[in-house]
Amino acid sequence: MMTKTQLASMGLFDAKVPRYTSYPTAPQFTPAITGDMFAKWITLIPAGSEISLYIHVPFCRRLCWFCACRTQGTQKEEPVRAYLEILKAELALLKQTLPKGVTLARLHWGGGTPTLLSADMMRDLAAEIASVAPFAPNYEFSVEIDPNEIDSTRLDALAAAGMNRASIGVQDFDDEIQQAIGRIQSFEATRSAIDMIRAHGVESLNADILFGLPHQSQARITESVQKLLALSPDRVALYGYAHVPWMAKRQQMIPSDALPTPEERLDLFETARKLFVWDGYAEIGIDHFARPEDGLTRAQKAGTLRRNFQGYTDDTSDVLVGLGASSISRFPQGYAQNAPATSAHTKKVSEGSFSTSRGHVFSAEDKLRSRIIEMIMCDFRVSSAELLAEHDIAPAALAAMLNEANTSFGNRLKTCAEGLYIPEEMRPLTRLIARAFDAYDLSKAGHSSAI
Ligand SMILES: C[S@@+](CC[C@H](N)C(=O)[O-])C[C@H]1O[C@@H](n2cnc3c(N)ncnc32)[C@H](O)[C@@H]1O
Ligand code: SF4
C-alpha cells in the first residue's frame with residue numbers, strides 16, 4: 001500500500017486533472033466545427049447501423065447549491081414547453097439528415113432534470129424520437145430522475161416510452177450535509193421514488209453519491225452508503241464533489257471551511273469503496289460500482305468497458321448524437337458541441353440549422369492517445385497488441401511512450417511485452433497517469449481535484 005506521503009509526492013493531493021470523459025477534453029474544442037460539419041458527419045453514419053442518442057434538458061425546479069451542472073431554475077411551464085418545441089425541431093432536422101434504417105442502441109435523457117417535463121411532454125418527446133429512429137433490439141433507455149421531481153403519472157409515461165434504466169441522484173443522506181449543500185431529500189423520499197420506479201417494471205437502477213462534501217466524516221459516509229445499499233441499486237457512481245465556486249456561482253453558498261482536506265477525501269473514498277466491495281459490488285474503473293450481473297460488470301470482464309460523457313458505459317456504438325443546448329456528439333471523425341446557452345441554441349434551431357458551435361476533428365495521434373487514456377481509465381492497463389493492430393505507430397515508438405510515462409511515476413507502474421499495467425496501490429493516481437498521455441495544453445484542462 002502506498003503511503004499518503006508517497007501519493008502526495010506524486011501530486012495526488014494538489015493536482016487538478018480532467019475526468020477524461022473525452023479526449024481531447026472539452027476545453028480544447030474550437031469554433032472550427034459548425035452545424036454544416038455536424039450535418040455532414042450525420043450523413044456519414046452507415047445506413048442500418050445502431051447509434052446512441054442523448055437528449056439534454058437544462059432546467060430544474062430547484063437549484064441545489066453543490067451542483068456544477070449547466071442548468072437553469074424555473075417554476076414556470078412556458079420555458080420548458082418552448083424548449084420542448086425546439087428539441088422537436090432539432091429532431092426533425094436530424095430526421096432529414098440521418099441515413100435510412102438507423103436504430104437506437106442507447107437513449108439517455110439527462111440534465112438538469114428531464115423529469116420536470118409533464119407526462120404529456122414526455123409522450124410527445126418520446127414519439128418524436130421514435131419517428132426519427134426506433135429502438136434497436138437490445139436497446140437501453142435511461143433517464144436521470146430527481147426523486148423530488150417524479151410521480152406515478154410521469155413514470156407511466158416513461159415506462160410506456162420504453163424506459164428500462166433509471167438514474168437517481170442521492171448525494172448524501174445526512175441532514176447536516178444536505179443543508180450545507182442545499183439539497184434536502186429524505187431517505188424516505190428516495191426509497192419511495194425507487195419503489196415507484198421498480199413498481200413500473202424498471203429493473204435497472206443507478207444511483208449517484210458524493211464524497212468530499214462539507215461536514216462529511218467517515219462515520220457519516222458509512223451511514224449514507226449503508227442506507228444506499230439497503231435500496232440495492234444495480235450501479236453506483238461515487239463521484240468526488242468538485243468545488244468550483246468561480247465557475248458554479250451557487251457553490252458560494254457552501255461553507256468552504258467545512259470541506260474535507262484532499263487527504264480526508266481519499267479516506268472518505270476508501271471507506272465508501274470498501275463498503276461497496278464488501279457488499280459484493282464489482283469496482284468499475286475509478287469511481288463506479290456494479291452488481292456482478294450488471295452490464296458494466298460484464299463489459300469490464302469482456303474488455304469492452306468504455307468511457308463517454310456520461311461516465312462508464314457498456315455502449316460500444318461508434319456514434320453518440322447529443323441534442324439540446326450544450327450537448328456534445330461524438331463521431332468517428334471528431335466531437336461536435338451544441339451552443340451552450342439555451343437562447344443561442346434556440347435561435348439557431350429556429351432558423352433551421354443545427355446549433356453546433358465548437359468541436360474537434362480527430363488526428364491519427366488523437367485517436368491513439370484517446371484509446372490509451374480510455375484503456376487506463378477503464379482497465380488500468382494499456383494493451384500494446386490492440387494499439388499496434390489498430391493505430392499507426394511503430395512498436396519501438398509505443399514502447400518509448402509507455403516507458404516515459406512509467407519513468408515519470410518513479411517506475412511504479414509495470415511495463416512488459418503486453419504493454420503497461422497500473423498496480424492496485426497506484427490506482428488513486430489513475431487520472432494523473434492518464435494525464436501523462438495528454439498532448440494538449442493542460443493549463444486549459446479541467447479543474448477537478450485529482451482525488
Ligand atoms: C446532472 S445531475 C442530474 C441529477 C438530477 N437532476 C438529480 O438532481 O437527481 C447528475 C449528477 O451530477 C453530479 N454532480 C453535480 N454537481 C456535482 C459536483 N459539483 N461535483 C461532483 N458531482 C456533481 C451529482 O451526483 C448528480 O447526481
Ligand atoms: S443536482 Fe439535479 S436538481 Fe439539483 S441543480 Fe443539479 S441537475 Fe438540478
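Which residue of β13 is the bridge partner of Ile55? The points below take up that pairing and then several local features of the predicted model.

1. In β13, the residue that pairs with Ile55 is Leu323. The two strands concerned, β1 and β13 (residues 320-323), run parallel and are joined by 4 bridges. On its other listed pairing, β1 is joined by 8 bridges to strand β4 (residues 103-111), again in a parallel arrangement, and there Ile51 has Leu104 as its bridge partner. Strand β1 itself, which covers residues 50-57, is mostly covered, with 7 of its 8 residues buried.

2. One runs from Tyr23 to Pro24, with omega near -5°, and Pro24 sits in the loop between α1 (4-9) and α2 (35-43). The other runs from Gly111 to Gly112, with omega near 20°, and Gly112 belongs to the loop between β4 and α4, the strand and helix already discussed.

3. Positive phi values at residues other than glycine form a related topic. Gln171, which is not a glycine, has a positive phi of about 75°; this residue is in strand β6 (residues 165-171) and counts as buried because its relative accessibility is 7%. Ser232 likewise is not a glycine and has a positive phi of about 50°, but Ser232 is placed in the loop between α8 (218-230) and β8 (235-240) and is partly exposed, with a relative accessible area of 35%. For context, most residues other than glycine have a negative phi, and most peptide bonds are trans.

4. Thr313 belongs to strand β12 (residues 311-313) and, with a relative accessibility of 10%, counts as buried. Its side chain reaches the backbone nitrogen of Asp315 at 2.8 Å. Leaving aside residues up to four places away in sequence, Thr313 touches Leu296, Thr304, Leu305, Arg306, Arg307 and Asn308.

5. How many disulfides does the rule give? The count comes to 0 disulfides. Cys416 is in no disulfide, given that the nearest cysteine sulfur, that of Cys378, lies 19 Å away. Cys416 is partly exposed, with a relative accessible area of 43%, whereas Cys64, at 7% relative accessibility, counts as buried.

6. Lys274, finally, is in helix α9 (residues 262-278) and is partly exposed, with a relative accessible area of 39%. The C-alpha atoms of Lys274 and Thr222 are separated by 9.8 Å, while the two residues stand 52 residues apart along the chain.

Conventions. Residues numbered from 1 in each chain as written. Chains lettered and ligands numbered in written order. Predicted model: local features only at pLDDT ≥ 70, side-chain atom pairs only at ≥ 80, totals over all residues. Heavy atoms only, no water. Buried < 20%, exposed > 50% of the residue type's maximum accessible area, 1.4 Å probe, protein only. Pairing = 2+ DSSP bridges. Disulfide = S-S within 2.5 Å. Polar contact = N/O pair within 3.5 Å; in protein donor to acceptor, adjacent residues only side chain to side chain. Contact = heavy atoms within 4.5 Å.
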